[in-house]
Amino acid sequence: MSSVKICPEWPQVNKSEYKGVWVYVEHRNGVIKDGSLQLIGKARELASKINVDVSAIMIGHNLGDLVKEPIYYGADRVIYIDDEALSVYIPHIYASAIVNLVNKYKPEVVLFAATKRGRELAPYVANTLRAGITADCTDLDIDVKTRDLDQVRPTYGGNILAHIRTPNRRPQLASVRPNVFPTPPRDTSRKGEIIKESLNNLPKPNGVLLGVKSVTRGDSDLPPVEKADLVVTAGRGVSGPEGVKLLIELAKALGGTIGGTKKVTDAGWLPTDRQIGQTGKTIRPTVYIGVGVSGAIQHIFGIKESKIIVAINSDPNAPIFEYADYGIISDYRQAVQALLEVLRSMRKPS
Amino acid sequence: MGATVISSANAGSNMGKELTIIVPVKAAVPNITAVRLDPVTHNLVREGVPLMLNPYDRNALEFALRLKDKYGGRVITLSMAPPSGKDFLESTIGMGADEAYLITDRVFAGADTLATSYTVAMTIKKLFPGFNLVVMGEETTDSTTAHMPAQVASWLSLPYLYYVVDGEVNMEKGTIKLTRYLEDEGVYEEFEYNMPVIVSVYKDSNPPRDISLNRKIQAKLSGLVKSVTNNELKLDPLCVGLRGSPTIVAKIEDAKPIPRKKQIFKGDPREAAKWLIENLIKEGVIKP
């Protein structure tokens, strides 16, 4: 090892001591987040390139059989901590528990799903290890020679892809956008190692969770945008809440769900958790139908992995047509009403 | 305007019971589609680029000002930026901050989030050791990492909480009740923390008040924005800027879209609807 001068706040790291790909597996109310399962699939791919194992990290209280799930989705090993002190989610406590595991096992890569909680945890973990971290990656690869993680993230509005690397520090941490990778199949015949670790050297909690409350949503009979196979998306060309209602009707007729551009959620026509695009959600449905969506680059960023893109817009010069498989140039109301009629006549019992 | 001007770097030493809120802000690039990148480092070329206050930092400042309105105390903004950053910091005073600090030095240039958070955290520690709260925006609109609040918390070994919408201070107990919203779960959570604590503010909460031009001009005339360089901060050059940054931008490329069929129908909406449904059936994505 060459002794390059580094910041005295940083521990010296011997890169060759760090081996394996880790996924922090986030769960809530006994259910693992899709983003974490998707990352196990990607981790498998990276790990096989450099011939190492995939470990899933789980922490919490009363985890039960949930700790077996990562194995079914492709992990070789689950390392978990089950402790009453973790029954309440306090960010710096959870992050410190992960830091302790990393210091013990020394993985070379640690991945987090970029959920709201994942984005909160990952930078504290990375910083406490004085390691590099890249946020909201949309692709990952690994350099077989240097074992450097190639972390791809859109930047400056999504029109540029930056490849970030951390050549001299380990581990390499990244948070990855949910739904950019597919969920691997669940195979209950897969076998793996399950290791229980105990909690130690944690900072004082300094905080207590006083309560959790769920909010009810008006559009709650429709699935969230990231879960549906077909997403009808309202853009600014849809002139108000009434127009959005018409699109909800279309979404229901097609067995899909409703989403909106930033303009639409900013206007309050749909809740912000239905916002699609760079500052909202990334989706990869089978069919995306953009209605009155102009196609700003920030929105395209969130839909470009869709299998089929349909655009309905009265402006023939709308940029979205450049990204569409099928486009209809028409007033949106007329087109949507016609679509509803065609669907009704098709499905009329004969 | 009763803004107290703090003139020395020992400002924090005589801090008592007064609620002291630090709001680190960022000079974001306004038009993210028209940026220039350095061909060698791939970092953003900031020279000659007009700077504006990151929009979500205004919600953070609003949250801090609401606490000040209710409990008294003072709100101090600070930012690591080129010398031209003075102007957007004056805007934070125009909004209601008492004073502002511009952290500016060539040695801080080219920093990734680890080095930036180190610089910000150490500045807070040196200038305002008695602070109660650090409040930041949820993320920036130009680089969107949302790293800074957690990283600053880590450097200062303090608890932290993201996506906060509301806060209630108890100065006697030295605690704060925080309500936060997790957008992807549709869940509100309430926490109680001992201060000091680091928070980020949910971007769709605390709609910001207007910037008073009068106050902004006053800030300029009274020199309420102070500059701090590494002469005062004395941070190890190995820990800041490019050298204190473990990550590098190895390569940049234009985002390329997946090739699309681009079949466009123009004409009678009924015909268009039939044409589209037929094609979607042919693709096997909807059932006849």
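## Pockets and cavities

A: The second largest pocket has a volume of about 920 Å³. This is a predicted model, in which local features need pLDDT of at least 70 and side-chain atom pairs count only at pLDDT 80 or more, while totals for chains, interfaces and linings use all residues. Residues are numbered from 1 along each chain as written, chains are lettered from A and ligands numbered from 1 in written order, and side-chain values use heavy atoms, without hydrogens or water.

Q: Which residues lie nearest the centre of the second largest pocket?

A: A pocket is an open set of points on a 1 Å grid over the protein atoms alone, with protein on both sides within 12 Å along at least five of seven lines; lining residues have an atom within 4 Å of a point. Volume is the space filled by probe spheres on points joined across faces, edges and corners. Here the lining has 38 residues, and A:T115, A:P178, A:E226, A:K281 and B:D184 lie nearest the centre. In chain A, β3 (31-32), α1, α4 (116-128), β7 (133-137) and β9 (149-155) each supply at least two lining residues. These are DSSP runs numbered from the N terminus: helices (H or I, at least four residues) and strands (E, at least two). By class, the lining holds 8 nonpolar, 10 polar and 20 charged residues (Ala, Val, Leu, Ile, Met, Phe, Trp, Tyr, Cys and Pro are nonpolar; Asp, Glu, Lys and Arg charged; the others, Gly among them, polar).

Q: How many cavities of 30 Å³ or more are there?

A: In a cavity a 1.4 Å probe fits but cannot get out. The count here is 2 cavities of 30 Å³ or more. The second largest cavity has about 30 Å³ of space, and its lining consists of A:G35, A:Q38, A:L39, A:V176, A:R177, A:P178, A:N179, A:V180 and A:F181. Helix α1 (residues 34-49) of chain A gives the largest share of that lining, 3 residues. By class, the cavity lining is 5 nonpolar, 3 polar and 1 charged.

Q: Why are α5(A) and α8(A) called roughly parallel?

A: Axes are lines fitted to C-alpha atoms over the stretch in contact, with angles from 0 to 180 degrees between N-to-C directions. Angles under 35 degrees are roughly parallel, over 145 roughly antiparallel, 65 to 115 roughly perpendicular, and the rest oblique. The axes of α5 (residues 241-253) and α8 (residues 332-347) of chain A come within 10 Å and cross at roughly 25°, so the two helices are roughly parallel to each other. In this contact (heavy atoms within 4.5 Å), A:L246, A:L250 and A:A253 are among the α5(A) residues, and A:V336, A:L340 and A:L343 among those of α8(A).

Q: At what angle do α3(B) and α4(B) cross?

A: Helices α3 (residues 113-127) and α4 (residues 148-155) of chain B cross at roughly 55°, their axes coming within 8 Å. They are therefore oblique to each other. From α4(B), B:M148, B:Q151, B:V152 and B:W155 make the contact, with partners in α3(B) including B:L114 and B:Y118. The contact residues divide into 9 nonpolar, 4 polar and no charged.
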